[in-house]
Amino acid sequence: MALSVAPVSAGAVCTGDDLLASMAADKRAALMAAADAVPNSHGILWQAERPGARVILLGTYHMNDPRHAAIVTRIDDFLPDSAALLVEAGPEEEARLKKAMAEDVGVMINTSGPTLPERLSPEEWESLSAAALERGLPPFMAAKMKPWVLTMMLSMSPCMLAEQQAAGKMNGLDAQVMDRARAAAVPITALEPWDTVLSLFAGLSPQDELDMVRGSLLSARTADDNAATLANAYFNEVPQLIWELSRQMALDAGDMAPETVAAQMALAQEILMDQRNRAWVPVIEKTLAEAGASGTGGAPVQAVVAVGALHLPGEQGLLSLLAARGFTLTRLPL
């Protein structure tokens, strides 16, 4: 999606301030405590094992970063002995989604009904137009774009978006690990159908859609700083911290009532992570079972699962769900 809009200015090195580093110590401690209270909130590389089966789980960061190199090298320790690499979307799924977006304007654009300028206040639309234009998206296109698509775009740092456009592809950790799997002749399996992203937000009410857009405007104001903070939290192996920071930033902005922020965070958690995690566990178990049935016995059947890092922690996170299925969890060092 990010590569389908007009090019934005590229060439500058992406910079941003770590919002946690400049935060008051007591406030930062409170955010860390909130993250610590979430199960399995620390660590991006884990092993889940039960008799005859082993899963290596890698929480990924979807944007490119030179610090990925060491993690890719670490995953090379596991891929050659694995029956499969499971990812959110494999090469075939990515190709089908890209084809659908190119052939059907209705995938990204609302072809009927009121436009966003008609649904938002003049001040909100002015802010949204400026944020969209900063990301290479003309306001006349943003006006009819589906709210969930626009929200995803506005969440991205303009500088990082420019980098991805210049490269012609997303080259985050997921893509790099898939490259390593192909090099090792390890099959790549998608955890969900290619059109999942198109259906995730289908059931939102009109009010939820507008709240989602308004929430994205908050993060768009400090997108480069958000990106730097997210990356540092990820490489410090505390991905849950960025979720807690997002909640706090929405509260601090004062644009939405606390109960609206709470509802939006809970909705995003359910749509983007929890319901997908629950759907992925049977796919993981099926992959292990099929590999075990075709094997010769002996060592446990192993698979590597590489998904966004926020899919790992939480009561409905992949780690907790696998533990509930009889897997013993072990955090692995990078």
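These legends go with close-up views of a predicted model. Residue numbers start from 1 along each chain as its sequence is written, and side-chain values use heavy atoms, leaving out hydrogens and water. Local features need pLDDT of at least 70, side-chain atom pairs count only at pLDDT 80 or more, and totals for chains, interfaces and linings use all residues.

**View A. Helix H2 against helix H9.** H2 (residues 68-75) packs on H9 (residues 173-183) at about 35 degrees, axes 10 Å apart. Helices here are DSSP runs of H or I, at least four residues, and strands are runs of E, at least two, numbered from the N terminus; axes are lines fitted to C-alpha atoms over the stretch in contact, with angles from 0 to 180 degrees between N-to-C directions. From H2, His68, Ile71, Val72 and Ile75 meet Leu173, Gln176, Val177 and Arg180 of H9 (contact: heavy atoms within 4.5 Å).

**View B. Around Leu58.** Leu58 is one of the residues touching the most other members of the largest nonpolar core, which has 58 residues. Such a core joins buried Ala, Val, Leu, Ile, Met, Phe, Trp, Tyr and Cys residues through side-chain atoms within 4.5 Å. Leaving aside residues up to four places away in sequence, the partners of Leu58 include Ile71, Ile75, Leu173 and Val177.

**View C. Two loop residues with positive phi.** Asn40, between helix H1 (25-36) and strand S1 (45-50), has phi near 60 degrees. Glu237, between helices H12 (223-235) and H13 (240-253), has phi near 65 degrees. Asn40 is partly exposed because its relative accessibility is 22%, while Glu237, at 13%, counts as buried (buried: under 20% relative accessible area; exposed: over 50%; partly exposed: in between; 1.4 Å probe, protein chains only).
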